[in-house]
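Biologist: I would like to learn how to read a model of two chains, one feature at a time. Where do we start?

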Amino acid sequence: MKKRKFLLTAFIVAVTVTGGIIYAADHLDSPAVSNQTTDITDVYVFRGQNTSNLVFVANTQGLLSPSASSMAMFDEKTLIEFNIDNNGDNVEDLVIQAIAKNGKMKVYGPYKPVSTGTKSVISPSAFSVQADITVYGQAAKIGEENGIKVFAGPRDDPFFFDLGQYQKIIGGTASGFNNPGTDTFKGTNVMSIVIEVPKSLLGSTNTINVWAESKKAIN
Amino acid sequence: MKLRTGLSVLMASAVILFTACNKENTPPTQAVYEMGDQMARPAINTVFVGSSEKDVFNTTIPSAMGAAFAAKFKARLLALNAGYTTNALGQNADQFTGLLATDVLNVSKTAPTTFFDGTNILTGRALADDVIDVELLLLFGGPTGGSNPGLTSDHVSENDKAFLASFPYLATPH
């Protein structure tokens with residue numbers, strides 16, 4: 001009995017230590033860059049030019065200058081996942097997953113995920129479409145298969161906000177916004193993933209709830 | 001009999017051990033991805049989540065967000081606007097922060113998709129939507145939208161580049 005307990009304790013210690021090392025290693029690996037690739041700056045969902053479709057946009061790696069944009073990359077270990085709840089309980093019933101691989105953005109779904117929550121796997125059989133990742137300065141490369149379109153690459157950041165003045169107001173050094181304001185995001189780019197999907201693939205309800213997640217490979 | 005059971009247990013254990021070792025030496029065939037960041041409605045994390053809690057918020061699944069964050073969002077709302085009564089949607093502080101604390105983007109598959117276009121409310125988010133002004137108006141504008149006029153618009157009403165009518169819709173990079 002004592003021995004088993006000891007073994008169990010040793011096992012837990014081993015797992016904890018190993019986990020700790022993995023965690024530390026991840027953070028030693030150029031923290032600034034690894035944080036940026038998982039940073040989602042904005043999410044958009046809107047009707048496509050064909051109004052039978054919905055367009056899902058996830059922007060990542062905000063405030064890129066033109067020169068930084070030419071070097072920005074998607075991380076092959078970061079999964080970008082749109083979560084779709086179609087019965088109002090705020091739990092994902094469908095996911096659309098996008099991940100970079102060898103210069104292409106690969107899209108899986110929409111499909112019912114293997115499990116819900118903070119951990120995800122990719123079901124290879126759910127593959128739907130891919131596109132070459134567009135290189136800065138080149139025309140947009142668009143992939144289309146199975147009625148689903150994908151684009152991935154640098155784009156102008158569509159967000160506009162006088163964030164600088166907002167921070168002054170919050171910080172107590174200004175009492176209100178200026179008119180006209182100053183767009184903090186003017187002239188900056190993001191790394192975008194744009195996916196257009198027929199509404200018919202998103203369930204039968206009239207409303208859905210959507211959120212985007214970035215998930216990092218842990219094995 | 002006892003010995004034979006003992007032996008077969010031993011052999012079974014050996015097989016399990018061998019399988020376990022073998023598995024450890026095989027590279028993982030299916031990667032597991034763990035939550036790093038999440039978002040839905042614009043600027044919610046920026047406005048409502050304290051810096052010490054941003055990581056917790058980002059790893060709390062939406063179905064658990066309301067219970068975990070509604071009270072904190074309400075406190076934050078009243079810290080930003082002590083005079084808050086209701087907003088232009090008629091929501092009191094509990095109703096407004098209760099809605100926002102569950103950070104999902106509500107999207108209609110039938111109506112025009114917009115954060116707010118004067119008619120449709122929270123039916124999606126289009127690229128040109130002035131989402132910050134909508135949020136500022138609901139935070140500071142009071143029941144008529146007329147309160148705190150210096151805080152209800154940042155006076156940046158459009159993007160610096162025109163959007164495209166067709167896929168991929170976002171403008172080319174600078």
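Modeller: Start with the order of elements: from the N terminus, chain B runs α-β-α-α-α-α-β-α. Helices (H or I, at least four residues) and strands (E, at least two) are DSSP runs, numbered from the N terminus. This is a predicted model, in which local features need pLDDT of at least 70 and side-chain atom pairs count only at pLDDT 80 or more, while totals for chains, interfaces and linings use all residues. Residues are numbered from 1 along each chain as its sequence is written, and chains are lettered from A and ligands numbered from 1 in the order in which they are written.

Biologist: How many helices and strands does chain B have, and what percentage of its residues count as buried?

Modeller: Chain B has 6 helices and 2 strands. A residue is buried if 20 or more other C-beta atoms lie within 10 Å of its own, exposed if 12 or fewer, and partly exposed in between, with C-beta atoms placed from the backbone. Of the 174 residues of chain B, 36% are buried. For contacts, the C-beta atoms of two residues, placed from the backbone, must lie within 7 Å. Among contacts in chain B with a separation of 6 or more, 44% are between residues 24 or more positions apart.

Biologist: How many residues of chain A and of chain B are in contact across the two chains?

Modeller: The contact involves 70 residues of chain A and 54 residues of chain B. On the chain A side, strand E11 (residues 207-217) gives the largest share, 11 residues. That side has 31 nonpolar, 22 polar and 17 charged residues. Here Ala, Val, Leu, Ile, Met, Phe, Trp, Tyr, Cys and Pro count as nonpolar, Asp, Glu, Lys and Arg as charged, and the others, Gly among them, as polar.

Biologist: Which strand of chain B is joined to E11(A) by bridges?

Modeller: Two strands pair if DSSP finds at least two bridges between them. E11(A) and strand E1 of chain B (residues 33-39) are joined by 6 bridges and run antiparallel. One place to look is A:Ala212, whose bridge partner in E1(B) is B:Met39.

Biologist: How do I read a helix? Which residues of H5(B) are buried?

Modeller: An α-helix has 3.6 residues a turn, so residues three or four places apart point the same way. In helix H5 of chain B (residues 93-101), B:Phe96, B:Thr97, B:Leu100 and B:Ala101 are buried. They line one face of H5(B), because they fall within an arc of 125° when seen down its axis; the arc is that of the directions from the helix axis to the C-beta atoms. Their cover includes helix H2 (44-48), helix H4 (62-80) and helix H6 (131-140) of chain B.

Biologist: And a strand: how many residues of E5(A) are buried?

Modeller: In strand E5 of chain A (residues 104-111), 6 of the 8 residues are buried, so the strand is largely enclosed by the rest of the structure. Strand E4 of chain A (residues 94-101) runs antiparallel to E5(A), with 6 bridges, and A:Val95 stands opposite A:Tyr111. E4(A) and E5(A) form a hairpin with 2 residues between them, and A:Asn102 in the turn has a positive phi of about 50°. E5(A) is also joined by 5 bridges to strand E7 of chain A (residues 127-132), again antiparallel; there A:Lys106 has A:Gln130 as its bridge partner.

Biologist: What should I look for in the backbone angles?

Modeller: Most residues other than glycine have a negative phi, and most peptide bonds are trans. The bond joining A:Gly109 and A:Pro110 is cis, with omega about 10°, and A:Pro110 is in strand E5 of chain A. Another cis bond runs from B:Phe167 to B:Pro168, with omega near 5°; B:Pro168 lies in the segment after H6 of chain B.

Biologist: Is B:Tyr169 buried or exposed, and what is its phi?

Modeller: B:Tyr169 is buried, with 22 other C-beta atoms within 10 Å, and has a positive phi of about 70°. B:Tyr169 lies in the segment after H6 of chain B. B:Leu122 has a phi near 50°, also positive, and is found in the loop between strand E2 (105-108) and H6 of chain B. B:Leu122 counts as partly exposed, with 18 C-beta neighbours inside 10 Å.
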